[in-house]
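My notes follow in the order I took them.

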Amino acid sequence: MNFQSPPDNPITAFADWLSEAEKTELNDPNAMSVATVDSFGMPNVRVVLLKGVSDEGFVFYTNLESAKSQELSSSGKAALCFHWKSLNRQVRVRGDVEQVSDDEADQYYASRARGSQIGAWASQQSTPLSDRETLEARVKEFEEKFADQDVPRPAHWSGWLIKPQQIEFWQDGEFRLHDRIVYRREGEMLDWATTRLFPW
């Protein structure tokens, strides 16, 4: 990212930063915080893993019955934050959300480890769990159910696409004189406009 002459496409700049982070971050360079708002207007945030990025946006997968999915369905909006400590960089994203297609979800689900596929069936995500033994019993139940066969994708498991309307790049600077560039657009087909911001 050249902060003096930023590229026209922020997705290209993001892909470059992610590629660099993959070489320097010890764990999960694709980790991102996802912020949502519940039905009471209370914000919620958690860390998930980015599983795809393109000009369309940013994709992650989860249980559709989870709190995050309910909140995404309700508001239709989300915010993301990537922080790469090894590079002193941060990217923030805000935009609309939509569920990925069944074909896309099937393709990614098929690429997951079998244990993770079983886990998607066994975990009733975000609901109360009496003890660890109950979860382990559910894992065993579905291991037996799908023994000697492929594990199908549960109907309650899919992906979310965050379609960015704003992407901000932040690079740490000496004496907290950081570099910040924000890209904004209205709608999906318009060009991105860039603005340089004072540091925080």
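**Entry 1: asparagine 9.** I am working from a predicted model. I started with asparagine 9, which I found in the segment before helix H1 (10-24). Its relative accessibility is 24%. I put asparagine 9 down as partly exposed, because that class runs between the 20% and 50% limits. Its side chain reaches the backbone nitrogen of isoleucine 11 at 2.9 Å. Setting aside residues up to four places away in sequence, I noted that asparagine 9 touches Asp55 and Tyr183. Asparagine 9 and aspartate 55 are 46 residues apart in sequence, and I read 8.6 Å between their C-alpha atoms.

**Entry 2: arginine 185.** I went on to arginine 185, in the loop between S8 and strand S9 (193-196). Leaving out neighbours within four places in sequence, I listed Asp55, Pro164, Gln165, Leu190, Asp191 and Trp192 as the contacts of arginine 185.

**Entry 3: nonpolar cores.** Next I looked up the largest nonpolar core, which has 29 residues. Phe14, Phe58, Phe82, Trp84, Val91 and Phe169 have the most contacts inside it. I then checked which elements give two or more residues to this core: H1 and strands S1 (31-37), S4 (57-63), S5 (77-84), S6 (89-99), S7 (157-171) and S8 (179-184). H1 supplies the largest share, 6 residues. I picked out phenylalanine 82 and, leaving aside neighbours within four places in sequence, found it in contact with Phe14, Asn30, Ala31, Met32, Leu50, Phe58, Arg89, Gln90 and Val91. I also logged a second, separate core of 15 residues, which includes Ala105, Tyr108, Trp157 and Leu161. As background, nonpolar side chains in soluble globular proteins tend to be buried together.

**Entry 4: helices H4 and H5.** Last, I took the pair H4 (residues 114-122) and H5 (residues 132-145). They pack at an angle of about 115°, with their axes 9 Å apart. I recorded the crossing of H4 and H5 as right-handed. Which residues make the contact? From H4 I have Ile118, Trp121 and Ala122; from H5 I have Leu135, Arg138, Val139, Phe142 and Glu143. I sorted the residues of this contact into 6 nonpolar, no polar and 2 charged.

Methods. Residues are numbered from 1 along each chain as its sequence is written. This is a predicted model: local features need pLDDT of at least 70, side-chain atom pairs count only at pLDDT 80 or more; totals for chains, interfaces and linings use all residues. Side-chain values use heavy atoms; hydrogens and water are left out. Helices (H or I, at least four residues) and strands (E, at least two) are DSSP runs, numbered from the N terminus. Buried means under 20% relative accessible area, exposed over 50%, partly exposed in between (1.4 Å probe, protein chains only). Contact means heavy atoms within 4.5 Å. A polar contact is a pair of N or O atoms within 3.5 Å; within protein, one must be able to donate a hydrogen and the other to accept it, and residues adjacent in sequence count only if both atoms are side-chain atoms. A nonpolar core is a set of buried Ala, Val, Leu, Ile, Met, Phe, Trp, Tyr and Cys residues joined through side-chain atoms within 4.5 Å. Axes are lines fitted to C-alpha atoms, for helices over the stretch in contact, and angles run from 0 to 180 degrees between N-to-C directions. A crossing is left-handed if the near helix is turned anticlockwise from the far one by less than a right angle, and right-handed if clockwise. Ala, Val, Leu, Ile, Met, Phe, Trp, Tyr, Cys and Pro count as nonpolar, Asp, Glu, Lys and Arg as charged, and the others, Gly among them, as polar.
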